[in-house]
Amino acid sequence: MRSPIRVMPRGVTGPSVRFGVPVGALGFALLLGAIILAIAGNDPIEAYRTMFDASLNGWKSQSRTLALATPLILTGLAAAVAFQMRVYNIGGEGQLYLGAIGASWVGLALPASTPMPLMLSAMLIVGALAGALWALLAAIPKAYFNADEIITTLMLNFIALSLMNWLIFGSRSFWRDPRRPVPGGKRLPENAVMPSISGRLHIGIIIAVVAAVFLWWLLRKTSWGFQIRTIGDSPRAASYAGMSVRLKTLTVLALSGALAAIAGVSEVSGVTKGLEPVALTTNIGFTGIIVAVVARSNPLGVVPVSIFLAAIATSGSRLQSIGINVEVVLLLQGLIFLTVTAGEFFVTNSVSLARTDATATETEAAA
Amino acid sequence: MNSATHLEVRNLTKSFYGVPAIDAVDFDLRGGEIHGLLGENGAGKSTLCSVLSGLYKPNSGTVSIDGQAVQFRSPQDASNHGVGMVYQHFRLVDSFTVAQNVVLGMHKRQRPRSMRQVESMVADLAEEFGLHVNPTASIWQLSVGEQQRVEILKQLFRGARILILDEPTAVLAAQETDRLFEAVSTMVAKGHSVVLVSHKMAETMAYTDRITVLRRGVNAGSVTTADTTPAEVARMMFGDSAAAERTNFATAHDIGEPVLSLSGVSVQGDHGLMAVDDASFTVRRGQVVGVAGVAGNGQRELQEVIAGLRTPVNGTIEIAGTDCTTAGPKKTAQAGLAYVPEDRLGVGLAPGLPLEHNIVLKSYDRSPHSRRGVLSNTEIEKTMNKLVEKFDVRGNRSGMRVSLMSGGNLQKAILARELNEDHQVLLAAAPTRGLDMAAAEAVRAHIIEERAKRGVLVFSEDLDEIVKMSDVVLVMFKGRIVGSFPSDDIDLDEIGLLMTGSGTPDPAVQARL
C-alpha cells in the first residue's frame, strides 16, 4: 500500500509560506484552544477578548506585555545564535543568574554617585562577561573534548541557581542586605536602575531590540556570520573551507551566554532592583529556548515571538479573574508552541494528495 | 565435497533510478566451495550480495537454491533459506553479550528460551568451526577479529549454509586473516558454501576454488582458480580496452617547474596503521598525474593531507615552492591548491545553504565579497552569475539549498569555485563519479584545460579515466605508491596487478619520481 499523501521538499521557500504557515498554525492553535475552553465550560470568545484586552489593547496592557517580553527577547537571542551553529545552549537560565549576580555586584560596588550611563554600561559589561565565562565552562569541554553541551549547559543551570541562592540565603555575602529580616539582596542605588519608560517597562526593551537587529546583521551580513551559518549546516564543509570550528564554538557559546546574561542585567536593574533569587527564577532562560525554536533561530523573529508569548502570559492573571484556570492558559501556550513547531514541516516540505492513477498502480503491482 | 550447484543466479538485474547496478548477471555457487567475487568499486558486488541476502528485490532474473526458485522478501527470509551475510561493517550491539547478539532479532520460537542454553550452543558452534569467542563477553570488550567471528556465528546459528563474506579481511591483521580462513575451510569441509567478496588478489588466489569477476554490473567471467593467473583476473577486472581508446592528450606541451611535491609523507590511519606510507612524488606545471587504486588504500588520507586537513607524521609537502606540511586548509589553499573533494555534499559544499553561499565558501572573507568583515551580497551575486555562466551550472533557483541540484551541476559548481581562485595545482578526487556522460565529459575538459597552465593531481577508481587523462599514472596500494607509469609506457596488466596487491612493486619507483 502506498501512502495517498505525497511529500516533496520545497526548493525555495517564499515569504507567503514562511509567514503564512506560522500564522495558520497560530489560528489552528487558537481554534483548538477554543474547543478546549468550550469543553472546560468557558466562553471562548469572551476568553480571547479578555486575553486581547489584558495584553495588547491599549498602551497600559502593551507596556506590561513588552516589559515581560524584554528578558525573553534576550534569552531567545541567546538560544537562537547558538542554534544557528547547531550548538544547543540550554544554559540560558544559569547564564541569566550570572548576569544578574555580576551586574548587581557592579551596581553595589561602584559609588552610588557614579553617573547613570557609566554605571549601567559597567553593569552591562560585567554582567555579560560573567555570563560569557559561565558559558565557556561548557564551551571549552565541547570544543576540545566534544563533551555534549546540552548536558553541561543544563547542569550549570543548577550550579548557578545554587550559587545565587547561597549568596542571598546561605551566606552573609556582599549582595545580601543584613538589615532585612527576610533574606534579600541589597537595593541597587538609583543610578544603577534602568529608567522606566512606562510602568514596569524600562529601557531594557531598547537594548533587547537593538541586540536583535545587531545579531541579525552579524549573522546575515558579516563574514563572521557566514562562518557560523556554514558550520551550522556542515562542519566538515566548514573545515574544508578552512574555518576553525573550535574557535567558533567558543565564541558563539560565549556570545550566547553574554546575551542571556544581559537578560539578567536587565531584570536585576530594571525590575527587581537588587539580587532577588525568588523574583529572578521565572524560567526566562528556558522559555528563551522555546522562543528561539518558534522563531526558527532568526533574531528578527525572536522579537515578535517573545512579545506574543509575553502577551499570553500577561493575559493569564486576567483570565483567572473571569474564572478560567491558569492551567488552561498554560495549555494554550503549549498548543501554540506545538503547532508552530510542527508547522516547520510544512515550511520545508510541500504536501499534496497523490494522484490516484489506477493504471500506474496496476503496473507497479505487476512489476 | 558436494560439487552440485547450490545457489544459481540467472539473468539477475537490479536498477536504481533506471540505471542498472547489475545487469543480467549469471552466477553459480557450488556446494562446498569458496567462491571469490571480485570487481572494482561500483562493479556491482555489493548489489549482487544485497539481492542474495534479501536486502534488495531484483528487477528481473531468478535466484534458486538447490534447484528451487526463491524470492526473498527480507534478510530474515533469506536467512530462513540458509543464506547469511557478514557485512564489512559489523551490525552488533556493543553493550550486549555475544550470545545476546547471536539471537538478536530471532523469533521466540526459533531460539532456545534460556540464555544459558544459547551460550552453550554458541560455545559448541565456536568449538566446531574454530571461531573462538567467549559467549558471555560483551561486544565492546572484543577485538575486531572476535567481533567478526560473532557475526559469522550469528549466521551459522541461524542455520546458514551459504555465507557471504563482504571484504572480511579489510579490517583484520595478518594473523587474524589466517585464523579466519582456517575457520572458512572448516565450514567448507562441512559442506557450507562461501562467497568471498574481495579486492585483494593474493588472498583470492590463495583461498578460493573459483572466481567470478564483475565489471560495470556485468559478469566478466567465472574461472577456476587453479587454472588462472592473477594477470588474467586483473584483466577481467579492469579491462584491456582502455589503451585502444586512449586519447593522447600528451601532445607537445611544456612541462614546467614542480607545483606540488611530496617527500616521504606518512599519515596515521584510524586504526594505528599507516594510511599513507612514505609517499613521494611530484606534480609539475603542465602535467596531469593520475593516482589509480582500489578505494580504501589510503587515497582519502593522501588527499586530506595534501589539502591540509590532516597533518602527516613524517615527510614534507610543498605547493608551488611554499612548505605546506603543517599549514592547515586555509594557508594551503592560499599557497595555490584548488581542491575538489570526493564527497561533494557535506565536504565540498554546505548542502543546506544556497549556491551563492557555496560559490564564495573560500573567498567570502576577501575583497570584493567582503570588506572589513561585512559581506557584499551584490558582489557575491555577481561572482555567482559569472561562474554559473562560465561553467554552465544549471538548475539553481534563488535561495534554493544546493542539495536539490543534480550531481553534475554540483560538481561544476565546486570546480567553478575552486578554479576561480588563484591556484597553481588542482587536486581532484573522483571528479566524475556518479555523473552522467555529458557532465563527466565537461568536468574532464575543465581538468585537461587546467593542464595548459597549471598542474593537476587526479584520483579516480575508474582506471580507464585515469589512463585517458594522465601524463603519469601512479598506483596506490595499502598506503604506498607501488607503481609509476609515464603515459607512453602504460602497462594495464601490470597496473591491474599492482592495484590488487600482486605484481612486482617497482623498487625504482621512489627513485624515479
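**Helix α12 of chain B**

In α12(B), the buried residues include B:I380, B:T383, B:M384 and B:L387. Buried here means that 20 or more other C-beta atoms lie within 10 Å of the residue's own; exposed means 12 or fewer, partly exposed lies in between, and C-beta atoms are placed from the backbone. These four sit on the same side of α12(B) because they cover an arc of only 100 degrees around the axis. The arc is taken over the directions from the helix axis to the C-beta atoms. An α-helix has 3.6 residues a turn, so residues three or four places apart point the same way.

The model is predicted: local features need pLDDT of at least 70, side-chain atom pairs count only at pLDDT 80 or more, and totals for chains, interfaces and linings use all residues. Residues are numbered from 1 along each chain as its sequence is written, while chains are lettered from A and ligands numbered from 1 in the order written.

The face turned away from the buried side of α12(B) carries exposed B:T378, B:N385 and B:E389. The buried residues pack against α11 (355–359), β18 and α13 (407–420) of chain B. Contact means C-beta atoms, placed from the backbone, within 7 Å. Helices (H or I, at least four residues) and strands (E, at least two) are DSSP runs, numbered from the N terminus.

Just after α12(B), B:D392 takes a positive phi of about 55 degrees.

Note on methods
Contact = placed C-beta atoms within 7 Å.
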